Amino acid sequence: MHCNVNLKYGVIMKKDCYTIRISLKPGFINAEQLRAIADVIERYGKDKAHITTRQGIEFDISPENFKDVNDILKKVGLNIGSTGNRVRQVVSCIGLRCYNAIGDSVSLARRIHEEFEGIWVPKKVKINVSGCPNSCTYHKFCDIGVCYRYKISIDKNLCNNCGKCKDFCDVNAIDWENKVIHENCIGEGRCTALCNSFKAERVISIFVGGKGGRIWKEGKELISLKNEEDVLLVIDEILLSYSKFGHGRITDFVDSVGIENLRQTIIKKLKN
Ligand code: SF4
Ligand code: SF4
């Protein structure tokens, strides 16, 4: 089926139908909302919906049914959206319901979604939030990735040079002789269970410039923060600069301004 233009937010207008995309809040959906979706697809959507790769739901309807569908969804707090050159529905892993979680990714993803979803930007912006470096949301392969992790250090006063940790780390991030943790540390914190000398500080790392698709790209770490408020501030600043100076996707913007320049702008903003 040929797609013409996307005139309404959350609606992909096709020759003979509208594809409606629901912009779901990250994390979970309630029974009333699921019932409303079931009702809508049964009555107007050929009894069929597609679960999108970004945790959304979409289905086809006849254009004349758009108002009815929109009204039913609105009544249960569901919005049509997540298309076009906008900040798309934010994606989250299951967060604190997972035993690996380092932070509450669902709650943070919801805050980011409430604050930024739907705003106009030069090209679509995808934001994914992972509760730990296991990366269940592939946060390094979207425009802005957020990940709870640990910054690890070695307490020199506690280390007795036993060498037990010498070959422990999968990515060889531990320099046990100099008591240094290298930059390539993943930050899941396995080493803290091995020895009390390893100290872990919880941080929230922000990655920018990743993308999936045919020519995928891994995002670069921009900054690590201690609290969720600062995450919102940093995303605000990235989107502001991108909207002012960006043309292509965020990856092109990061390449053009340089990650270090962007980092310095962000650090300045955080200090004010
Ligand atoms: S990213 Fe981590 S916290 Fe989130 S679901 Fe995956 S393993 Fe669990
Ligand atoms: S947190 Fe993981 S990657 Fe980092 S030093 Fe410890 S074991 Fe290695």
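**Exercises on a predicted model**

Helix α1 passes helix α2 in a right-handed crossing (the near helix is turned clockwise from the far one by less than a right angle). This is a predicted model; local features need pLDDT of at least 70, side-chain atom pairs count only at pLDDT 80 or more, and totals for chains, interfaces and linings use all residues. Residues are numbered from 1 along each chain as its sequence is written, while chains are lettered from A and ligands numbered from 1 in the order in which they are written.

**Exercise 1.** Work out how α1 and α2 are directed relative to each other.

*Solution.*
- Take α1 (residues 31-43) and α2 (residues 66-75): their axes come within 9 Å and cross at roughly 170°.
- Apply the cut-off: angles over 145 degrees count as roughly antiparallel.
- α1 and α2 are therefore roughly antiparallel.

**Exercise 2.** Find the residues where α1 meets α2, and class them.

*Solution.*
- A36, D39 and V40 in α1 meet V69, I72 and L73 in α2 (contact: C-beta atoms, placed from the backbone, within 7 Å).
- The contact has 5 nonpolar, no polar and 1 charged residues.
- Ala, Val, Leu, Ile, Met, Phe, Trp, Tyr, Cys and Pro count as nonpolar, Asp, Glu, Lys and Arg as charged, and the others, Gly among them, as polar.

**Exercise 3.** Decide whether N161 is buried or exposed.

*Solution.*
- Locate N161: the loop between β8 (144-154) and β9 (174-175).
- Phi of N161 is near 60°, a positive value in a residue other than glycine.
- N161 has 9 C-beta neighbours inside 10 Å, so N161 counts as exposed (12 or fewer; buried needs 20 or more).

Methods. Axes are lines fitted to C-alpha atoms, for helices over the stretch in contact, and angles run from 0 to 180 degrees between N-to-C directions. Helices (H or I, at least four residues) and strands (E, at least two) are DSSP runs, numbered from the N terminus. Angles under 35 degrees count as roughly parallel, over 145 as roughly antiparallel, 65 to 115 as roughly perpendicular and the rest as oblique. Two residues are in contact if their C-beta atoms, placed from the backbone, lie within 7 Å.
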